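Thank you all for making time this morning. I would like to take you through one structure, going from the whole chain to a few places where its elements meet.

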Amino acid sequence: MTSMIDTALVEAENARRAADLKDDYESLGARLARRGVDINAVKAKVASYGVAIPSWGVGTGGTRFARFPGDGEPRHVFDKLEDCAVIQQLTRATPSVSLHIPWDKAPAADLKAKAEALGLGFDAMNSNTFQDQPGQALSYKYGSLSHTDPATRAQAVDHNLECIEIGRALGSKALTVWIGDGSNFPGQSDFTRAFERYLEAMAKVYAGLPEDWRLFTEHKMYEPAFYSTVIQDWGSNLMTAQALGPKAYCLVDLGHHAPNVNIEMIVARLIQAGKLGGFHFNDSKYGDDDLDTAAIAPYRLFLVFNELVAAEGRPGFAPAHMLDQSHNVTDPIESLMVSAMEVTRAYAQALLVDRAALAGFQEENDALMATGTLKEAFRTDVEPILALARMEAGGAIDPVAAYRASGYRGKVAGIRPKVQGASGGIV
Ligand SMILES: [Mn+2]
């Protein structure tokens, strides 16, 4: 397997930190033991956890105002896979990549060979009917899968079927569909007819799914349509998944809700309905800001994971986890490494919740002790668990420090020219 970062450098970086880590881990282990928690069992679960990297995340993002390119940005999907391999090598928490079609179009055999050489797998495929591509026959300006014109809907269906075929050749097992369809003016679109047209088109996509695939639909409250969107909220999303069939599930992008919406409760509802498909993790302050995961609301991320850990072991419960965020002012590799660690941290903290005690406090209506039970887990600094799990898997105790010491960005900047204008795009 090809290592993007010199393994001797990673070992040297780790050697400087290993003794302190051992002390910190033993101290935390003793404290957790007093709470009846086996630190090694938590570490084993953390070590088996993974979150997928979106291929578009390793490029610098932008806003509708501007995009300021970074140094050494990936030129194509093969560069993107190399950047993803850096993230996986140092964090050992991101074993797979989620591709986007057509941005990542390349011969399947070449993609497979490159990913295998780098030790990466492929997560969900992502279709794109929110942009027009060069040479495309019909425009998506007024919608795609819900368009009033049957020929435009058919074109969008065909594109999704093509994504399935590409994913099949790569070993992917899921298709994620997010559409930009909606309206900008009251009266512009018939809410019901648009949703009916969408469901009819999606049934054709669903019919093209291989037996062992899942279909994820992603709701989004607004943007690019600013008055209404066809799959606006988790209610519309759940209606979609229930209408399509057992292979259809809802995907929750944390940024796609109104401020202050109780996302962890949406997660619980979708779990109860057996329709939680997975996540796009990111964070936001005002809207769909696509900020780095846990940059703003780490407690909310913990509360989402609290629901996920509580649901572990339910039959068929296997939500897909992926990051989906835009990096405008940081090195995308650094942001994605930190975000992958934040997601893993929230998982580890959620594993520490004393669920028997919590259930007891809930039964007794002891609100103070119930919420304190969650806070006790959230307040625990689990970094020694994460760091030791990384090191034991061959990763870095401090991934950002190792990455900076490697000079990777400077090296690739020498062979990858700056890309002006082009946007990575965020879904
Ligand atoms: Mn998303």
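This is a predicted model: local features need pLDDT of at least 70, side-chain atom pairs count only at pLDDT 80 or more; totals for chains, interfaces and linings use all residues.

The secondary structure of the protein chain comes to 15 helices and eleven strands. As for overall dimensions, the C-alpha trace spans about 65 × 60 × 40 Å along its principal axes. A compact globule of 427 residues would have a radius of gyration near 22 Å, and because the protein chain has 22 Å, the value agrees with that expectation.

Let me turn to the sheet. It is an open sheet of three strands, in the order β1-β2-β3, and the pairing is parallel. The edge strands are β1, residues 53-54, and β3, residues 121-122, each of which pairs on one side only. If you look at how β1 is held to strand β2, which covers residues 96-98, you will find two bridges joining these parallel strands, and there P54 stands opposite S98 in β2.

Now to the helix pairs, and I start with helix α2, residues 39-47, and helix α13, residues 383-392, whose axes come within 9 Å and cross at roughly 60°. That angle is why α2 is described as oblique to α13, and the crossing in which α2 passes α13 is right-handed. Which residues in α2 and α13 meet there? From α2 we have I39, V42, K43, V46 and A47, and they meet I385, L386, L388, A389 and E392 in α13. Sorted by class, this contact of α2 with α13 has eight nonpolar residues, no polar ones and two charged ones.

The second pair is helix α6, residues 191-207, with helix α7, residues 234-244, and here the axes come within 10 Å and cross at roughly 45°. On that angle α6 is therefore oblique to α7, and the crossing of α6 and α7 is again right-handed. On the α6 side the contact is made by F195, L199, M202, A203 and Y206, while α7 contributes S236, T240, A243 and L244.

Methods
Residues are numbered from 1 along each chain as its sequence is written. Axes are lines fitted to C-alpha atoms, for helices over the stretch in contact, and angles run from 0 to 180 degrees between N-to-C directions. Helices (H or I, at least four residues) and strands (E, at least two) are DSSP runs, numbered from the N terminus. Angles under 35 degrees count as roughly parallel, over 145 as roughly antiparallel, 65 to 115 as roughly perpendicular and the rest as oblique. A crossing is left-handed if the near helix is turned anticlockwise from the far one by less than a right angle, and right-handed if clockwise. Two residues are in contact if their C-beta atoms, placed from the backbone, lie within 7 Å. Ala, Val, Leu, Ile, Met, Phe, Trp, Tyr, Cys and Pro count as nonpolar, Asp, Glu, Lys and Arg as charged, and the others, Gly among them, as polar. Two strands pair if DSSP finds at least two bridges between them. The radius of gyration is taken over C-alpha atoms; the globule rule is 2.2 Å times the number of residues to the power 0.38.
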